[in-house]
Amino acid sequence: MLSTQYKTRSLKKLLFTISVTHKHPPPYAHSQKQTYVDVYMKWKKDSYFDSIDSIHRSLELKPLISLKNCIASSPDGCIPISAVSKRGTELGVPIKVARFLRSYPSVFEEFTGPQYELPWFRLTQKAIELDLEEKGVYRDFKGEIQARLKKFLLMSGEKWLPFKIIQGMQWYLGLPDEYLKDPEANLDGCFRVVQMGDGLKGLAVESNERVLSVIQKNAMKRGVCSGEPMEVLSFPLFPSKGLRLKRKISDWFDEFQKVPYISPYEDYSGLKTGSDVSEKRVVGVLHELLSLFVEHAAERKKLLCLREYLGLPQKVHKAFERHLYIFYLSLRNKTCTAILKEAYCDKLAIEAHPLSEVRKKFIKLMKESEVILKKRRLQNHTVHHRSENLKLDLDC
């Protein structure tokens, strides 16, 4: 009995002490409320985003550019099929290399080589002109492309990333091959190669300047942001046609927009996992990341390797599913592609990548191959039909 009374008095004393010492809780306690709502938004197909060729044909374009670079870097401007036939996996070619090259006659021209009558390939005149234009972009916009790489590194807490991670994002960032093959010779002085654990190497950047995200820059243009940390900034919303939110989800999202915004370039070590502020930072990181990419889109599975380095949660993919007014998930090409809606619905809000126009021209050139192959099939069909008629006449 006495023991029970003693415990009761001790508990009351402890509760009184807590109430006295926590009259004025720290400021972040107000902004890190854990009001998580299990939002389920029904996916709605959007034909506009599903028909953007620069996004959905980039899966074909990537191995095509790799093969184009192999031929363009050759001293003679042509290569035998044996030089690339066994490099299909390395170059990302989904089928046999020879078959892939023959699928694009508007880009690759086949001819019989000087030795052993092997098939050789060279670039067509239009492909050569586009290759020179691409090299001109890398030369003229070197500073801007490096600035995007710099921002990508600054988004990590340590301001460095392993080379294997950067290589995985190389296509999306629009980096030329020589940047990672010899970074010390091709990048400016703020970049340096660092040794990491287990014999791995990484690329680090040294910078003390404060970097603003796209969200902050656009808010400053509208006069609703001063550039200070922890300001309340809203994400631009672009609802797809026919996509409506339930009242519960709509109310939650209105409150989510009022939560303080943390830039991807600011320290996030004190954030509470599962809070609204933490989720808003995750959405902000994904928004800024896609804004740096050439097509402002990427395969969702390719972004998962960034979780550890950008401070993203294990189930980061749910951020795309919970915020369908900001991102669109396309299921074309048997993969899931995350697209930043703002880049295509408000083209003045996000600066286009210098390489985007060149890639669109390559895709247009790829489409010409379909016309060429169709003409060849018709010609072969006509010749075959004539030979059959001639055979019937001879039989008569």
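Guide: Two strands pair if DSSP finds at least two bridges between them. Strands (E, at least two residues) and helices (H or I, at least four) are DSSP runs, numbered from the N terminus. This is a predicted model, in which local features need pLDDT of at least 70 and side-chain atom pairs count only at pLDDT 80 or more, while totals for chains, interfaces and linings use all residues. Residues are numbered from 1 along each chain as its sequence is written, and side-chain values use heavy atoms, with hydrogens and water left out.

Visitor: What makes β2 and β3 a pair?

Guide: β2 and β3 (residues 119–123) are joined over five bridges in the antiparallel sense, and the definition asks for at least two, so they count as a pair. Within this pairing, Glu109 has Arg122 of β3 as its bridge partner.

Visitor: Why are β1 and β2 called edge strands?

Guide: The sheet is open, with three strands in the order β1-β3-β2 and antiparallel pairing. β1 (78–80) and β2 (108–112) each pair on one side only. From one strand to the next, the twist averages 30°.

Visitor: How do you know that α5 lies across this sheet?

Guide: Contact means heavy atoms within 4.5 Å. α5 lies across β1, β2 and β3, and runs at about 95° to β3. Axes are lines fitted to C-alpha atoms, for helices over the stretch in contact, and angles run from 0 to 180 degrees between N-to-C directions.

Visitor: Why does one side of β7 and of β8 have no neighbour in the sheet?

Guide: Another open sheet has the order β7-β9-β8, with antiparallel pairing. β7 and β8 (327–330) each have a single partner strand, so one side of each is left without a neighbour. β8 and β9 (residues 337–340) pair over four bridges, with Ala338 in β9 as the bridge partner of Leu329. Helix α16 (residues 276–292) lies across β7, β8 and β9, at about 85° to β9.

Visitor: What makes a space a pocket?

Guide: On a 1 Å grid over the protein atoms alone, a pocket is an open set of points with protein on both sides within 12 Å along at least five of seven lines; lining residues have an atom within 4 Å of a point. The largest pocket holds about 1400 Å³ of space. Its lining has 47 residues, and the closest to its centre are Lys62, Ser66, Asn69, Trp171 and Asp177. α5 gives the most to this lining, with eleven residues.

How values were computed
1 Å grid on protein atoms, 1.4 Å probe; cavity = no way out; pocket = protein on both sides within 12 Å on 5 of 7 lines; lining within 4 Å. Points joined across faces, edges and corners; volume = space filled by probe spheres on them.
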